[in-house]
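Please have a look at the model first.

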Amino acid sequence: MTVHAPVRPPEKPPLTVRLATPRGFCAGVDRAIQIVERAIEKYGAPVYVRHEIVHNRHVVERLKAMGAVFVKELDDCPDDRPVVFSAHGVPKSVPATARAREMLYLDATCPLVSKVHVEAERHHAAGRHIILIGHAGHPEVVGTMGQLPAGAISLIETVADAEAFQRPGEAPLAYATQTTLSVDDTAEILATLKRRFPELPDPHKEDICYATTNRQEAVKRLGQGCDLVLVVGSKNSSNSVRLVEVAMRAGARDARLVDDADQVDWSWMEDVSTLGITAGASAPERLIEELVEAVRVRFDAEVIEDAGERETVTFKLPRVLTA
């Protein structure tokens, strides 16, 4: 009788995995999601949400399952159910309409976006024309421009826009920025504007939020030493898309945006010895954990948590949900 040796499973190829720190949820996103969850708990389903509460498919689907109904405009909401405004902020006309309809509304605008709104109003009250650096059509930009009368803000998206911009009349200028931009791209646009308009005052505090800045710095470190960087986040998430760009600019051979582990094309891993993983500010940590597990199934992975900024920022919930 022939005795066969047990068949050993093939050895997994080695792989170093570096996890960016910080990554994933920021304080503004966490607050916005809690507002929807607590509203459903307090008032029952359905609770309406104007636009996606944050730009992440998994978050939106989970909240839908709990009883949230996502709509484009207030016209799609009944008068007798609560409505939540998304973390990106809304034009002033939206809460005004909600008040006129006597609706119960909860504003989940990130406090750092609200700060930009306040700064814009302050500049306008002082007679300044405002240059807003941001992406046309992004909900945050729509919300910020909607704080003031039409024509009070000029949108600048690129260095070319900054070169072409013409001051409207004799009004002094001020600027603000979308909170989720590339720090480096914004600096380049600002350098152009300040060369042309040296009198441009700086904001009291930088508009690009701490979470965006911290995540981009963490990804710069990954890009310098990784063959491939995977960014977990949705395609409509501005800060997640920027992380891919930052990784490539920092030196990564390749960088990809994926909603989750199921979107990974494992052929990307050919000739990869060091993989970097991070997540945009609206992506849950659960998606990172599932991605790491999917990597471990295929590779003999050594997972290293990168050193980085530890975030302790928290934002208060509306009193109506905590009383």
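Phe197 counts as buried at 7% relative accessibility (buried is under 20% relative accessible area, exposed over 50%, partly exposed in between, with a 1.4 Å probe and protein chains only). The model is predicted, so local features need pLDDT of at least 70 and side-chain atom pairs count only at pLDDT 80 or more, while totals for chains, interfaces and linings use all residues. Residues are numbered from 1 along each chain as its sequence is written, and side-chain values use heavy atoms, leaving out hydrogens and water.

**Aromatic pairs**

- The count comes to two aromatic pairs (rings of Phe, Tyr and Trp, the last by its six-membered ring, with centres within 6.5 Å; planes under 30 degrees apart are stacked, over 60 edge-to-face, the rest tilted).
- Phe85 and Tyr105 are stacked, at 5.1 Å centre to centre and 20° between the planes.
- Phe85 is buried, with a relative accessible area of 0%, whereas Tyr105 is partly exposed at 25%.
- Phe165 and Phe197 are edge-to-face, because their planes stand at 75° with the ring centres 5.7 Å apart.
- Phe165 is also buried, with a relative accessible area of 7%.

**Cavity**

- One cavity of 30 Å³ or more turns up in a search of the whole structure (a set of points on a 1 Å grid over the protein atoms alone, where a 1.4 Å probe fits but cannot get out; lining residues have an atom within 4 Å of a point).
- The largest cavity holds about 240 Å³ of space, taken as the space filled by probe spheres set on the points, which are joined across faces, edges and corners.
- Its lining has 20 residues, and Cys26, Val29, His88, Thr180 and Asn239 are the closest to the centre.

Conventions. 1 Å grid on protein atoms, 1.4 Å probe; cavity = no way out; pocket = protein on both sides within 12 Å on 5 of 7 lines; lining within 4 Å.
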